[in-house]
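The sequence and structure come before the text.

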Amino acid sequence: MRQTEQQIRGELDFRSFHGEFVDRFIGLFQSLLRMRVPTFDRLVFERTLRPPFLEIGAELGLNGALLASRHGYRGFCLDISPEALLTGREYRRRMGLEREAMLICADAHNLPLRNDSLPTVFGWGTFHHFPDPLPVLREARRVLNPNGRFLFEEEPIKRRLSLNLYNTGTPPHELRWFERVLFRLGLLPFIAVPGGRDEVARGIHEGTFGVAQLRRLLGVFDEQHVSYTPQLTGGIAAEGRPLRWLLPRMLGVQRAFAWATRWFGGASAGWAIKHTIGCRVLDGDPRVALVKRRDPLDRLTLYFDAPTAVRLIDGGGSPQTTQDDDSLRVDLPQDWRDEVVALELQGEAQLLRVDLESSSVQGAFYSWRPADEHEDAATLESRLGCPECITVSDRCLAPRCGWPCVAACPNGALTRGEKGPMRDAQRCTLCLDCLHACPFGVLDRAPLELEGELGGEGRLTCRDCGRSFIIRDGIAILLTAEKQRLMGDRWR
């Protein structure tokens, strides 16, 4: 389920308030940013957060500006509200943030970015605004590099022991008189959901996650690490003072936090990894393909565009030659435990695809793309893709994979062609099920060509469909025609 038209309009209307209340809220956002500085510093120091990044639901773009100004990181700040992104410049100016990320007005369900284009995607208190965050998380996985990380923080965990009758204002400064009394008695969280009253009144979805539900959503990634804090909106301790003193002494701090959050609500944070086999052909003679993997492997099946010979480095034995269909199965030694499988290739054949077999995975398919040894130096615009187009790479091996992209399309917009799937743009609803079903990542967004400046005025033009997207006041409006209709005059 995606956001309804009413919910999108509610987001747009609610976020438009920023321009009128800068003086009122500047102190609040300054304090929030100060709290996030040590978190971002730690993530940068540990290389958990690497550039270029994408922030989903960036609103004012303060997190991206912090990373750009404090650490020199480049990246994208994406939000559905161009007014919030534009007003953010005044907040950033007053906070002394001299640099900013590239600002994009786009739909999180339809990210205008190419496959495997970024090492980091993150969101701060964003994903509970989607009735079903799963399509957004699938898109986040799609645009992540192999072994890229998805980071999240400040996502609310549902409180089991509560009537959840209604949403209050943000405590404690926007509570009604009787709510302040209940708040002091520690009873308010048992009756109502702290925070979100104004958002719900505008039609915005204000959801919470159960612990099991959150882990199921993160299951679109291959590895996940989640931590919990039993603290509600406005700094309210979820479990009350007696339990807050007793539980850590009984269970230990981490188990106490997890137990209290599961029952009394709170916030969650963590990260997840996209573990994909990533192959890259390095310069030099002989050329060497590196196959990174997660699980112990028994054998690899390699597919090339022409006959070749391959030798397993440090694996012993003479070179093995590809079969008639240009595929080659490489059996690994039983004691193989290295994290990198190095292969020596002979000839000019290009590696197209890698299949693996292991004790835990059989016939899993993994995508391959040429490595960019200067990933951080690549232009930002080269990572952008047309939100209206889906293209098929010449590396498509659809007859060998069973056409999962065609089977995934609910509208019959994809049909089988001689060189891969063919798309009927009239029938396509851009649900993106085909992109996520493709096991090799050869279905992708069409690249965009930049005319003008990303930080000023200009346009981005699709190389396939020829459609242009404007850059106005340094904000790239990368929305489908349907979403632009909802925007009205906001994007003109």
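Among contacts in the protein chain between residues at least 6 apart in sequence, 73% link residues at least 24 apart. The model is predicted. Its protein chain holds 15 helices and 26 strands. Of the 492 residues in the protein chain, 52% are buried. The accessible surface of the protein chain amounts to about 23000 Å², with 49% of this belonging to carbon and sulfur atoms.

**The sheet**

An open sheet of 11 strands has the order S6-S9-S5-S4-S1-S2-S3-S26-S25-S24-S23, with mixed pairing. Its edges are strand S6 (223–229) and strand S23 (448–452), each of which pairs on one side only. From one strand to the next, the twist averages 20°.

Strand S3 (residues 102–105) and strand S26 (residues 475–477) run parallel and are joined by 3 bridges. Cysteine 105 has isoleucine 477, in S26, as its bridge partner.

| Helix | Strands touched | Angle |
|---|---|---|
| H3 (residues 62–71) | S1 (53–56), S2 (75–79), S4 (118–124) | about 160° with S1 |
| H5 (residues 134–143) | S1, S4, S5 (144–157) | about 150° with S5 |

Strands S1 and S4 are touched by H3 and also by H5.

**A residue of strand S5**

Strand S5 contains asparagine 145. The relative accessible area of asparagine 145 is 6%, which is under 20%, so this residue counts as buried. Between asparagine 145 and aspartate 116 the C-alpha to C-alpha distance is 4.1 Å, although the two are 29 residues apart in sequence.

**The nonpolar surface patch**

Which residues form the nonpolar patch on the surface? They are Leu161, Trp177, Phe178, Val181, Leu185, Leu187, Phe190, Trp259 and Trp263, and together they have about 870 Å² of accessible area. Helix H6 (177–185) and helix H11 (253–264) each contribute at least two residues of the patch. H6 gives the largest share, 4 residues.

Phenylalanine 190, one of the patch residues, is located in helix H7 (residues 188–191).

Definitions and conventions:
Residues are numbered from 1 along each chain as its sequence is written. This is a predicted model: local features need pLDDT of at least 70, side-chain atom pairs count only at pLDDT 80 or more; totals for chains, interfaces and linings use all residues. Side-chain values use heavy atoms; hydrogens and water are left out. Two strands pair if DSSP finds at least two bridges between them. Axes are lines fitted to C-alpha atoms, for helices over the stretch in contact, and angles run from 0 to 180 degrees between N-to-C directions. Contact means heavy atoms within 4.5 Å. Patches are made of residues with over 30% relative accessible area and no salt bridge: like charges are joined within 9 Å, nonpolar side chains (Val, Leu, Ile, Met, Phe, Trp, Tyr) within 5 Å. Accessible areas come from the Shrake-Rupley method with a 1.4 Å probe; for residues, only the protein chains shown count as cover. A salt bridge is a side-chain nitrogen of Lys or Arg within 4 Å of a carboxyl oxygen of Asp or Glu. Buried means under 20% relative accessible area, exposed over 50%, partly exposed in between (1.4 Å probe, protein chains only).
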